[in-house]
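I set out to record, entry by entry, what I looked up in this structure.

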Amino acid sequence: MKQQAAGLPAFSELDGWGLARRRVVRALALVPTAVGGSFALGACSADDAPGPDGRPLLALSAAQARTLEAVADAVVPTTGGFPSARAADVMRRFDEELSLVSPSIRDDLKAALGVLEYLPSLYGHFGRFSHLDRSAQQAVLQQMCGSRVELLRAIGSNVRILVQFFYFAHPKTWAATGYDGPFGRLPERMDDQRRWYAEHTGASA
Amino acid sequence: MSAQKPGRIYQWKDLTQAQTIRAEVCVIGSGCGGATMARQLAMAGHDVIVLERGGYYPESTFDQSELGMNGKLSADRSMRASADGGTLLLSGNNVGGASVHYWADSYRTPEDRLQLWADRYAVSGHDAAALAPAWDEITTTLNVHPATEEYHNRMNQLLRSGAEQLGWEGKPVPQARKGCVKSGHCMQGCMYRAKQSQLVTHIPQAVAHGARVYADVEARELVWEGGKVKALQARVVHRPSNRASDIALTIEAKAFALAAGGYYSAPFLMRQEGLQSRLPMLGKQFGMNPTAMVHGLYDEDIVLWRNIPAAFGVEHFRLAKFDDAGAYVEGGYLLMANQIQPGLLGSMMPVMGDELGQWMAQLPRIGGTIAWIDDPADELGELTLAKDGTPKVHYPYGPLTQAILRDTIKKQAQLQFAVGARKLLVAGADALQLNSTADIGKIDQLPIRAGGLFMAAPHPSGGCVMGRDARDSVTDSSHRVHGFDNLFVADSSVFPTPVSVDPSFTIMAFSYVAAEHVRQQLG
């Protein structure tokens, strides 16, 4: 395995997993077929397919974007006036941020999504993460975060942390939280990088 | 275009062709260490250039957007984690470095820490007497003063009240501020020029004395003969894509000072062919002040996101205490009020779905505390290189570190219940919720492990530690890299251990000392 997940050690660096380690490795053998081989080959470029929102992706593959959206839908609140993850641009922001970080971080997080998509079978679910119902997705995430396997804890926690960061930083969530916005409510001043991403993904800057 | 006029800040748009840039001193990095070094040397009349990998974002580009400013100011957009994936690594990547998003806490190095460095690691010339003149001057330059009453938001008032009730020593935290408007956006960069970061102090002072600053320039390869560095090869970074371009710069200087910060200075030297074997301590003795935080729900509005972050600090537990048999008793951290905007707070909530919504719907009433762990000297970590040459942090979270983390979570719970918290949520994957003081015992069962607690590490140290010779360190007490005449390190990577308080004031004072040694080298 060439890639690692979310700033994580390679499997060979992890000791003492016993059965859990072997089950994870077996499950990962399934991953390449679903993410266009990128996980197994160590490549990091996105495929040409657009994201679930129909716009080009710069960092994620379409499959990884679907997994990320599934995580986001499982994690964010659905009551209390909170917007959906799609309305808060979570997947889109994830792709944007990932397109601007160091290759090692980008590769790790992309690989983490690949692991996450195919991990549910380890927890007794028949189906990929993005195909599970919401309660099953939440259960898988919770099990990962509490896992005795360091790698799985890290994947579950890091993907969730980033999803929640991008979601609650979005202005559309603020009314439901009671946050009164940045001091003075100034409009965002987009920098070169945000404009560059927008130009390359067909969005208006 | 040639970009060599003194007293200017250049960016990628100005650096459109390969060229050779000459100066007396080349400083790599523009944070507290590099900017202070540049200011000292420029004011002494030397021809100085500063290279910064990140962008130049003056206050006119600030907007207080949590995500937008994170992208402008933070290295790898705060998405780099330790090798075990358990700790987010925070550092600056812009002209001014981490000081542009720091909390402005400005502690002088505790004397016990300076003594430890002298006694155990043979650091000389950096005792309190040697550093005092620097601190005295920086206190004026950066307007450092204890936070006054009006800058204590509700959470800081509660922290102070709790400390008083429990008999814990604490006091207002010295702050580098001038005319603060209490926006609460220290971590997004202060657009009011109130926080006295390097961007509004030492950088403009250096430029006013002729220094040239090159933003969007990535230092790559040192060229040396014998013990003398002759040049540095660098590349211009295409700022919009954040990727290095093929525009090469050659820097020729009489002296080079590495100040890329605690996460990046050691990796820079590791990438130089042959240096790791000559300097086996490169990357070693790495600390990072991991943080542990506890969220609290109160009956009153707390509004964590306004006013200054750390007006009051509990110093009672700064040093770990041990019994006569050497067993750990308590302490080993600074305890502060937390202050984070909603994105970061939401990200540190260990619940999901509608339970997450129930917590976040009460955002104004959420308070919290945070502790900076004083990494135990015998359980420090190591920096290595990832495949792309970026830093990879290995941090052991040893038994004493775990005990310290458990103790601070307990103390944070104790304090918050004492001042009226209705329920608490430990920021960690186990989502431990405490409903009263009777629940504090549950913390004894909490697994303390990598990826278990949600932690960030904003204060790296070590990796190029100071000491006697190449067997125990990377630099000597003149900040000079062992085996080199004109290569210096001037940032937190020379600290043999973490400082036990916010390191910025220590970094700046050490740079005063380093600048003096560079001046002597220049003759």
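**Entry 1: conventions.** I noted that this is a predicted model, in which local features need pLDDT of at least 70, side-chain atom pairs count only at pLDDT 80 or more, and totals for chains, interfaces and linings use all residues. Residues are numbered from 1 along each chain as its sequence is written, while chains are lettered from A and ligands numbered from 1 in the order in which they are written.

**Entry 2: confidence in chain A.** I looked up pLDDT, the predictor's confidence in each residue, from 0 to 100. Chain A has a mean of 81, and 76% of its residues reach 70 or more. For residues 1-27 of chain A, pLDDT stays under 50, and the model has 58 contacts beyond four places in sequence there. Two residues are in contact if their C-beta atoms, placed from the backbone, lie within 7 Å. Residues 29-45 of chain A also have pLDDT below 50, with 30 contacts beyond near neighbours in sequence. I kept in mind that where pLDDT is low, the predicted coordinates should not be read in detail.

**Entry 3: chain B overall.** I found 12 helices and 23 strands in chain B. Helices (H or I, at least four residues) and strands (E, at least two) are DSSP runs, numbered from the N terminus. The C-alpha trace of chain B spans about 65 × 50 × 45 Å along its principal axes. Of the 523 residues in chain B, 62% are buried. A residue is buried if 20 or more other C-beta atoms lie within 10 Å of its own, exposed if 12 or fewer, and partly exposed in between; these C-beta atoms are placed from the backbone.

**Entry 4: strand S17 of chain B.** How many residues of S17(B) are buried? I found eight of its eight residues buried. On one side these are B:Ile366, B:Gly368, B:Ile370 and B:Trp372, and on the other B:Gly367, B:Thr369, B:Ala371 and B:Ile373. In a regular strand the side chains alternate between the two faces of the sheet. I then checked pairing, for which DSSP must find at least two bridges between two strands. Strand S12 (residues 291-297) of chain B runs antiparallel to S17(B) and is joined to it by seven bridges; B:Ala292 stands opposite B:Ala371. S16(B) also pairs with S17(B) in the antiparallel sense, over five bridges, and B:Ala337 has B:Thr369 as its bridge partner.

**Entry 5: helix H5 of chain B.** The buried residues of H5(B) include B:Met155, B:Leu158 and B:Leu159. Among the elements that cover the buried residues of H5(B) are strands S16 (333-337) and S17 (366-373) of chain B. Just after H5(B), I noted a positive phi of about 75 degrees at B:Gly167.

**Entry 6: helix H3 of chain A.** In H3(A), 12 of the 14 residues are buried. The cover over the buried residues of H3(A) includes helix H4 (90-99) of chain A and helix H10 (353-360) of chain B.

**Entry 7: the contact.** Which element gives the largest share of the side of chain A that touches chain B? I first noted that the contact takes 52 residues from chain A and 51 residues from chain B. The largest share of the side of chain A, 12 residues, comes from H7(A).
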